[in-house]
Amino acid sequence: MVVNSPQRSLSDDEVDRMFRALADATRRDIVRRTLTEEATVSQLATAYEMSFAAVQKHVAVLEGAGLVTKHPKGRERLVRGNPDALRRIQQLLDAYEQIWRGRIARLDALLNEE
């Protein structure tokens with residue numbers, strides 16, 4: 001399945017990577033934090049009871065899924081949440097919701113037939 005959007009479509013592999021990345025609570029929190037404010041991996045690591053390396057791996061998974069980006073600022077690399085990726089996920093979920101609502105409407109119409 002390929003999901004079409006005005007910007008571009010998502011392949012099954014992209015959708016799988018995004019949902020796998022978001023399946024972890026720490027990664028969801030990292031996305032949430034970096035959508036409101038950029039942060040270094042070191043800054044992010046202070047918020048979790050895990051090693052810097054573990055947080056770095058979480059960020060790498062998110063980056064591989066396109067949910068965050070890293071960009072240099074001086075000697076540091078800042079992590080920034082990618083709202084466009086979340087918009088594409090929302091479009092996918094909206095499409096599934098429309099399928100579900102269509103089925104409910106058809107069932108409702110069938111039950112209301114005389």
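Reader: Which side chain meets Glu38 in a salt bridge?

Author: This is a predicted model, in which local features need pLDDT of at least 70 and side-chain atom pairs count only at pLDDT 80 or more, while totals for chains, interfaces and linings use all residues. Residues are numbered from 1 along each chain as its sequence is written, and side-chain values use heavy atoms, with hydrogens and water left out. A salt bridge requires a side-chain nitrogen of Lys or Arg within 4 Å of a carboxyl oxygen of Asp or Glu. At 2.4 Å, N to O, the partner of Glu38 is Arg80.

Reader: How many residues apart are Glu38 and Arg80?

Author: Glu38 lies in the loop between H2 and strand E1 (39-40), and Arg80 in strand E3 (residues 76-81); helices (H or I, at least four residues) and strands (E, at least two) are DSSP runs numbered from the N terminus. The pair thus links distant parts of the chain, 42 residues apart.

Reader: What is the relative orientation of H1 and H5?

Author: Axes are lines fitted to C-alpha atoms, for helices over the stretch in contact, with angles from 0 to 180 degrees between N-to-C directions. The two axes come within 11 Å and cross at roughly 105 degrees. Since 65 to 115 degrees is the perpendicular class, H1 and H5 are roughly perpendicular.

Reader: At what angle do the axes of H2 and H4 cross?

Author: Helix H2 (residues 25-36) and helix H4 (residues 52-64) have axes that come within 10 Å. Their contact (heavy atoms within 4.5 Å) includes Ile30 of H2 and Val59 of H4. The crossing angle is roughly 75 degrees.

Reader: Which helix gives the most to the nonpolar patch?

Author: Phe19, Leu93, Tyr96 and Ile99 form this surface patch, with about 350 Å² of accessible area together (Shrake-Rupley method, 1.4 Å probe, only the protein chains shown counting as cover for residues). Patch residues have over 30% relative accessible area and no salt bridge, with nonpolar side chains (Val, Leu, Ile, Met, Phe, Trp, Tyr) joined within 5 Å. Phe19 is placed in helix H1 (residues 12-22). With three residues, the largest contribution comes from helix H5 (residues 83-112).

Technical notes:
Patch = residues over 30% accessible without salt bridge, like charges linked within 9 Å, V, L, I, M, F, W, Y side chains within 5 Å. Parallel < 35°, antiparallel > 145°, perpendicular 65-115°, else oblique.
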